[in-house]
Amino acid sequence: MSTYSKELEVAQLAVQRASILTKKVFHEKAKGTISKDDASPVTIGDFGAQALIIQAIKKNFPEDQVVGEEEASTLINDTKLRDQIWAFVKDTTLKDANAEKIIGGPIGTVDAMLDAIDAGNSAGGAKGRIWALDPIDGTKGFLRGGQYAVCLALMVDGDVKVGVLGCPNLPVDDAAPLTAETGVDQTDAEGKGVLFSAILGQGATSRPLGTAGLGESKAIHMKPVEDITQATFCESVEAGHSSHGDQHAIVTKLGVTKPSVRMDSQAKYGSIARGAGDIYLRLPVRADYQEKIWDHAAGDLIVREAGGEVTDTLGRRLDFSKGRTLQENKGVVAAPRTVHGRVLEVVKEVLAKK
Ligand SMILES: Nc1ncnc2c1ncn2[C@@H]1O[C@H](COP(=O)(O)O)[C@@H](OP(=O)(O)O)[C@H]1O
Ligand SMILES: [Mg+2]
Ligand SMILES: [Mg+2]
Ligand SMILES: [Mg+2]
């Protein structure tokens, strides 16, 4: 077995199983939300997916730590929400019994579910094996029927080694170009659902997300951008998450002619990695916001392994070794290696004028 192939298999199957749950939650209109301290929403889907993924990690790698976005403390007093989550968690399994066995089978009890959610409480850092988990990235996209992603990455001594992104609402077809519609009014109907993966040094792949174990995988690559004016650029839907104004100024200066594609979640990283789009910009809105490691770890590796470069707005690699946040970084600039330098130059020029 090659390095990290076991970790990759567990991560892929765990993300696949969690995606079955998020799709069920979406279709049963059980999206009831509560607001977190940072005013961001969290749903039955977020908690349920976190429980299922951590269960699979702990069954296979009991010593590993997990930095997960959600915490169970809110569920201690809210027994109604807790029971709603459990109703989904207890019935969600992979359709292939063998694959289900690989990730350790279902969770036995409500308490075990709460323990699994809580096991995402690692402080992160530069030592040891730590998984970064975002059970639903782009919760706002999930709620409004846009893009979202189930995101999992393994860091060893602060360096990302394995990354997996499950994107239930993106087309399976790697060649389908991004359009404005890709970001809005999407479903997980026929032809949708893709699982992106990468292992450091071994390239990036995509395969159908599916529900019954892992289908055939294909290598993915960023598109060589010969003429930057023809590039497709993507950004967050939420204006509070990145500066649409700065991003517009940057792409205008680069001569990009196509309108930006707005979509939620790390589906942006996956989409540029497979050449459906080219550039992803995330310019800070607030100087004091620290990006969370679970919002970037898997996508960063997948883009780099597909031939891209990912830095912050100052040209520094994203540093996942500093705890739960990217406290040493500001914003994100992701582009094919061949044009990243040019994009970064313009990012710096535009920011210097502010
Ligand atoms: N002020 C802010 N700046 C940047 N990112 C923010 C932010 N407030 C929240 N976020 C993060 O933006 C993520 C979504 O990114 P995007 O806009 O690309 O879809 C959220 O992930 P969750 O949806 O997992 O909470 C959240 O962690
Ligand atoms: Mg959130
Ligand atoms: Mg997120
Ligand atoms: Mg999330």
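Residues are numbered from 1 along each chain as its sequence is written, and chains are lettered from A and ligands numbered from 1 in the order in which they are written. Because the model is predicted, local features need pLDDT of at least 70 and side-chain atom pairs count only at pLDDT 80 or more, while totals for chains, interfaces and linings use all residues.

View 1. Seven strands form an open sheet with mixed pairing, in the order β3-β4-β5-β6-β7-β8-β9. Strands are DSSP runs of E of at least two residues, and helices are runs of H or I of at least four, numbered from the N terminus; two strands pair if DSSP finds at least two bridges between them. The edge strands, β3 (65-68) and β9 (218-220), each pair on one side only. Strand β8 (residues 204-208) and β9 are antiparallel, joined over 3 bridges; Ala204 has Ile220 of β9 as its bridge partner.

**View 2. Helices on the sheet.** Helix α1 (residues 5-27) packs on the sheet and touches β4 (129-137), β5 (149-156), β6 (159-171) and β7 (192-199). The direction of α1 makes about 30° with that of β6. Helix α10 (residues 297-305) lies across β4, β5, β6, β7 and β8 and runs at about 95° to β6. Angles run from 0 to 180 degrees between N-to-C directions, and axes are lines fitted to C-alpha atoms, for helices over the stretch in contact.

**View 3. The crossing of α8 and α11.** The axes of helix α8 (residues 244-254) and helix α11 (residues 337-352) come within 9 Å and cross at roughly 125°. The two helices are therefore oblique to each other, a term for angles left over when those under 35 degrees (roughly parallel), over 145 (roughly antiparallel) and 65 to 115 (roughly perpendicular) are set aside. Asp246, Ala249, Ile250, Lys253 and Leu254 of α8 make the contact with Val343, Val346, Val347, Val350 and Leu351 of α11; residues are in contact if their C-beta atoms, placed from the backbone, lie within 7 Å.

**View 4. Where the two domains meet.** The domain assignment, automatic or from a database, gives domain 1 (5-220) and domain 2 (228-352). Their C-alpha centres lie 23 Å apart. In domain 1, 44 residues are in contact with 35 residues of domain 2. On the side of domain 1 that touches domain 2, β4, α7 (139-144), β5, β6, β7 and β8 each supply at least two residues, and β6 gives the most, with 6 residues.

Technical notes. Contact = placed C-beta atoms within 7 Å.
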